[in-house]
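Here is a short note to read beside the model. Keep the sequence at hand as you go.

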Amino acid sequence: MRRRPAIQQAFDEARFGATRSLNVREPMLSGAEAVRRAEGWLRTKQVEQAGEVLVITGRGNNSLGQVGVVRDEIHKLLGRLRRAGVVAAMSEHTSGSFAVTLAPLR
């Protein structure tokens, strides 16, 4: 398992902090479990007006056929939440994470 360089980790901690980062990679969740966890967390962070958050999915290197199931499912979730007014914007932060700007509550 390849770790992020310490400098990248330090920048992420400074930018997002521990309370604005969700790691769905480490516990080796299924795609459905990762989506369930991420959706609840993102909706909570929207209510908390957290602004920008980080969702760590991993790249899928340890997945069957090295296809990132969790990453793909989270990407689909972010699109759905964007249409639902929870996510204002999203971008690939690294090849294994997404930076997500949460929408203000309406």
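1. Ground rules. This is a predicted model: local features need pLDDT of at least 70, side-chain atom pairs count only at pLDDT 80 or more, and totals for chains, interfaces and linings use all residues. Residues are numbered from 1 along each chain as its sequence is written, and side-chain values use heavy atoms, with hydrogens and water left out.

2. The sheet. Four strands make an open sheet, ordered S1-S2-S4-S3, with mixed pairing. Strands are DSSP runs of E, at least two residues; helices are runs of H or I, at least four; both are numbered from the N terminus. Strand S1 (21-23) and S3 sit at the edges, each pairing on one side only. Pairing needs at least two DSSP bridges between two strands.

3. One pair in detail. S1 and S2 run parallel, with three bridges. Leu22 has Val55 in S2 as its bridge partner.

4. Helix H2. H2 packs on the sheet and touches S1, S2 and S4. Contact means heavy atoms within 4.5 Å. The direction of H2 makes about 170° with that of S2. Axes are lines fitted to C-alpha atoms, for helices over the stretch in contact; angles run from 0 to 180 degrees between N-to-C directions.

5. Helix H3. H3 lies across S2, S3 and S4, at about 155° to S3. Its buried residues (under 20% relative accessible area, 1.4 Å probe, protein chains only) include Val70, Ile74, Leu77 and Leu81. Their cover includes helix H2 (31-47) and strand S2 (52-56).

Note on methods: Buried means under 20% relative accessible area, exposed over 50%, partly exposed in between (1.4 Å probe, protein chains only).
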